[in-house]
Each structure stands twice: as C-alpha cells, then as structure tokens.
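Biologist: I am new to this structure and would like to learn how to read it. Could you take me through it?

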Amino acid sequence: MLDIIAGKSALKSIEQQGFNQNLFSAFLGASGGPKWFSLFGLDKYVFGSFFKDRTEELYLIGSSAGAFRSACFAQNDPVAAISRMAKSYSETIYSSKVDATEVSAKAIELLDYMLGKNGIEEIISNPVIKAHFLVNKANGLMQSDSKGLQLASLLKSYLLNRLDRKLLKSQFDRYVFHHPKSQLQINDPYDFNTQHVPLTRGNLKQALLASGSIPLVMEGINDIPGTPKGKYWDGGIVDYHFDFEINHNDKLVLYPHFNPHPKAGWFDKNLNRKVMSQHYDNIVMLVPSAEFIASLPYGKIPDRKDFETMDAKTRIKYWKTVLAETEKLAESFDQFLSSQNLGKIKLFS
C-alpha cells in the first residue's frame, strides 16, 4: 500500500537507529491541489500519532496545498484541522460560470474554516511545530490583473525554464514566511532571490492564501504586510515538489508525497528534468504505491481537472471515497513501524 523511499544518507541513519520520529527535524508538503487527498489518512497518522507529544523542534516547509497542510499540522489539534481542510476542500462546488474571483472567495472560506477561531495564534505561538509557507512574488507582466498579460508572462516563464531553471529567477522571487522564532534557511543552487519574512497575526492569512493562489485560476494577493508592494502567487510555481537543501541540522526530512518522481517547479511538470539527487540524500518519502492508486475509483488520485470532467455529486463521492481509502496507508505505515522491516525501503534514484 505504501512505498517508502529514502536517500542514501537517510537509509544509513535508519539502518543504524531504526525508523523513529527522533530521526527527523523537518517535514515537506508539496503543491498539487486535491492530489493531496491521497495522503489524508497518512497525514492524520503522522501528526496524530508518529509526531504526537513531540518536544524537539520540527520545521514544516510547504507550498500551495502543502502550505495549507502545514498550517493544519501547526495547530493544537492537527488531526481536527486537517479533517476540516479535507471536508471543506472536498465539498467545494463552483458555479457554472466560475471565475478567479469566485475561486479565491472559496479559498478564503476554506481557509477560515480550516484555521478555526484560534488557528492563527496557535501556528505563530507553537514552540515545537514551526510552519514555513513558500510564496512567489511576481516580476514583470505577472504583476498585472489582466489574464492576457499574465498568460504572456507565464509563456515567457515556461520558455525560460525550458532553457534553464536558473533563468526563471528573473520572473519570480521566493518568499519564505516563517514561524517568528525559526532560523531555518534554504540553500538553493538555482540562486532564486529568497527573502525570509516572519509570520504575524497580520500577514499569516494573506501569506497562506498567496501560497495557494494559482495564476489564471485565482487572483494574486497584493501587498502582504511585512513585504514589498506587489502581487504574490502560488509557491508551487518555483517550488512545486522542491529541489533545494534545508539548512537545519544533520537530521532527516520526512516527505509524504503523491508521486515518487518529484519535479522542482510548476513548469517542470511535463519535462524530463530530474531534481538534484543530492537534495534528496537525507529525505524519506512516503508515497502511495502504484497498486494502491490503481485500486481507487477511476484508477487515479484526485486532481483539479475533476472539477471540469465530473459533475459535483460524482466528484464529491469520488473524493470522499479516496479520503476514506487512505486510512489503509496509515495502517501500512503503522505496520512498518511495528515490524521495522527495513528491507521494504527503496533507495531514491
């Protein structure tokens, strides 16, 4: 049901110390919209059991849906928070003439429900689980509200990235909105201009919304408090599945992900370009197996295209079924932890 994939250094540490929560000091949450539903049961287990009662700092780094998940995990009751997120997201219905304004309004509703009454305060003041949200500040035509100009800018970004990922840094700056007491840094060989901004009561909601604001689908977020004036967009544009090093310590990074083949940025989705293997040397990925995915309705995990290809009733039933089925992934992980059958672990390649 669950594939466990580890980098060389990560596998060595596990072989020496066993697979336990003390091995880890960071957690990654990727972009991907409702693809995240395939990890729901696993998320509840990881933060409701595996990391429960943790006293050592754990750094959460997320973009887009991964940032929303991180916001759930940093609340006092992470299982309740992620369950609220799953319920709201899976039951979202848009009008027949949906536009960016409506999608953004629905995202705000989801965010408010997910955060609850005290979520912002709990995230900022959490002394152990420290959240970081990745956001991209636009340069050039992506600053415009015009869809035509945004599309032209995205086409330029696609072409630049196709030539060399480093060229994309002319189009976007990376912003890391971080727990106010976090010193975590990102080491990026692509040299994106990266700014670190402390999360506050005044900017957390906007930063989180910006991290999930998909160009052309949603509205960009303007002038987030604590940052330069401008328009801010989805963190997954630059950091879709991650291709950088986290400067935290010598411990490992836990990365539940819906795909065993991560892509660096949004524009890499259809390219054969691989992430740098050294960036996954100390990462452990938890991935739904191909067999598990084949067992789901339609033989696939949810994605945003389901909004277009299915009527609301069919889509919601399908998504709810997937959410329930992911409890099997939690059971599979629990069995692995009990057996410590390290032969099950695959080497990242």
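Predicted model: local features only at pLDDT ≥ 70, side-chain atom pairs only at ≥ 80, totals over all residues.

Biologist: Let us begin with the overall fold. How many helices and strands are there in the chain?

Modeller: The chain has twelve helices and 13 strands. Its C-alpha atoms fill a box of roughly 55 × 45 × 45 Å along the principal axes.

Biologist: What does the radius of gyration say about the chain?

Modeller: For 349 residues, a compact globule would have a radius of gyration near 20 Å, and the chain has 19 Å, so the two agree.

Biologist: Now the empty spaces. How does one find them?

Modeller: The general idea is to roll a probe the size of a water molecule over the atoms, which shows where empty space is left. In this structure, the largest pocket holds about 1000 Å³ of space. It is lined by 44 residues, and the closest to its centre are Tyr89, Ile214, Val217, Arg304 and Phe307.

Biologist: Which elements give two or more residues to that lining?

Modeller: They are helices H3 (65–73), H4 (78–90), H5 (100–115), H10 (306–309) and H11 (312–325). H5 gives the largest share, five residues. By class, the pocket lining divides into 24 nonpolar, eight polar and twelve charged residues.

Biologist: How many cavities of 30 Å³ or more does the structure hold?

Modeller: There is one, and the volume of this largest cavity is about 30 Å³. Its lining is made up of Ala30, Ser31, Gly32, Gly33, Lys35, Trp36, Leu39, Ala65, Arg69 and Phe258. Five of these lining residues are nonpolar, three polar and two charged.

Biologist: I see Ala65 and Arg69 in that list. Are the residues of H3 buried or exposed?

Modeller: First, a general point about helices: an α-helix has 3.6 residues a turn, so residues three or four places apart point the same way. As for H3, this helix is mostly covered, with nine of its nine residues buried.

Key
Residues numbered from 1 in each chain as written. Heavy atoms only, no water. 1 Å grid on protein atoms, 1.4 Å probe; cavity = no way out; pocket = protein on both sides within 12 Å on 5 of 7 lines; lining within 4 Å. Points joined across faces, edges and corners; volume = space filled by probe spheres on them. Helix = DSSP H or I, 4+ residues; strand = E, 2+ residues; numbered from the N terminus. Nonpolar A, V, L, I, M, F, W, Y, C, P; charged D, E, K, R; others polar. Rg over C-alpha atoms; globule rule 2.2 N^0.38 Å. Buried < 20%, exposed > 50% of the residue type's maximum accessible area, 1.4 Å probe, protein only.
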